[in-house]
Amino acid sequence: FRRRVAQMKRDRIHPQKVATSAQMTATMQRVNIDDNFRNLFETPVLFYALCLALAVTGGASPLMLAGLWIYVALRVVHSAIHCTYNSVMHRFAAFAAGFVLLLVMWLIFAAGLLR
């Protein structure tokens with residue numbers, strides 16, 4: 001936010017010129033932090049739903065809790081990469097590992113419900 005406002009003041013960018021994400025990308029110098037913030041509302045929503053489902057059903061085993069914390073650590077790594085040097089391949093590796101882990105945890109949760 002601070003960087004965005006500072007650049008808008010420095011470059012005299014009218015707020016309407018950056019009304020959409022496409023305009024923001026075309027106009028602003030650094031948008032990776034904005035992109036990362038948006039990413040936190042994509043697959044992590046499945047994580048939040050899983051946490052809620054585990055809490056409601058009492059299905060939070062020690063193994064599942066460890067998986068949840070590993071997922072959080074992978075998201076932190078993903079965000080750190082995205083907001084610093086932004087290597088796509090490193091960022092993708094962290095994302096893919098977290099996504100696969102989340103998928104496996106959902107499958108384990110679903111299998112537990114079927115028993």
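Predicted model: local features only at pLDDT ≥ 70, side-chain atom pairs only at ≥ 80, totals over all residues.
Me: What share of the 115 residues in the chain is buried?
Reply: A residue counts as buried when its relative accessible area is under 20%. Within the chain of 115 residues, the buried share is 30%.

Me: What share of the contacts with a separation of 6 or more comes from residues 24 or more positions apart?
Reply: Heavy atoms within 4.5 Å define a contact. Of the contacts in the chain with a separation of 6 or more, residues 24 or more positions apart account for 57%.

Me: How many aromatic pairs does a search of the whole structure find, and what are the distance and angle for Phe 47 and Tyr 71?
Reply: The search of the whole structure finds five aromatic pairs. One of them joins Phe 47 and Tyr 71, and it is classed as stacked because planes under 30 degrees apart receive that name. The values for this pair are 4.9 Å centre to centre and 20° between the planes.

Me: Which helices hold Phe 47 and Tyr 71, and how many residues apart in sequence are the parts that the pair ties together?
Reply: Phe 47 belongs to helix H4, residues 44-57, whereas Tyr 71 belongs to helix H5, residues 62-83. Both Phe 47 and Tyr 71 are buried. The pair therefore ties together H4 and H5, at parts whose separation in sequence is 24 residues.

Me: Which residues do ring pairs link into a cluster?
Reply: The stacked pair of Phe 47 and Tyr 71 belongs to this arrangement. Ring pairs link three residues into the cluster: Phe 47, Tyr 48 and Tyr 71.

Me: Are Phe 92 and Phe 95 buried or partly exposed?
Reply: Phe 92 and Phe 95 are three residues apart in helix H6, residues 88-114, so about one helical turn separates them. Their rings form a tilted pair, with 6.5 Å centre to centre and 35° between the planes. Phe 92 has 48% relative accessibility and Phe 95 has a relative accessible area of 28%.

Me: How far apart are the end C-alpha atoms of H6?
Reply: H6 has 27 residues, and at 1.5 Å a residue it should span 39 Å. The distance between its end C-alpha atoms agrees with this, at 38 Å.

Me: Which helices do the buried residues of H6 pack against?
Reply: The buried residues in H6 are Arg 91, Ala 94, Gly 98, Leu 102, Met 105 and Phe 109. These buried residues of H6 pack against H4 and H5.

Me: Which residues does His 90 touch, not counting those up to four places away in sequence?
Reply: His 90 is found in helix H6 and is partly exposed, with a relative accessible area of 44%. Its C-alpha is 9.3 Å from that of Val 77, a residue 13 places apart from it in sequence. Beyond four places in sequence, His 90 touches Ile 81 and Tyr 85.

Me: Which side chain of opposite charge is nearest to Arg 75, and how far away is it?
Reply: Arg 75 lies in helix H5. Leaving aside neighbours within four places in sequence, its contacts are Asn 39, Leu 40, Thr 43, Pro 44 and Phe 95. Arg 75 is buried yet has no salt bridge, a term that requires a separation within 4 Å. The nearest side chain of opposite charge is Glu 42, 6.7 Å away.

Definitions and conventions. Residues numbered from 1 in each chain as written. Heavy atoms only, no water. Phe/Tyr/Trp six-rings, centres within 6.5 Å; stacked < 30°, edge-to-face > 60°. Helix = DSSP H or I, 4+ residues; strand = E, 2+ residues; numbered from the N terminus. Buried < 20%, exposed > 50% of the residue type's maximum accessible area, 1.4 Å probe, protein only. Expected span 1.5 Å × (residues − 1). Lys, Arg positive; Asp, Glu negative; His and termini not counted.
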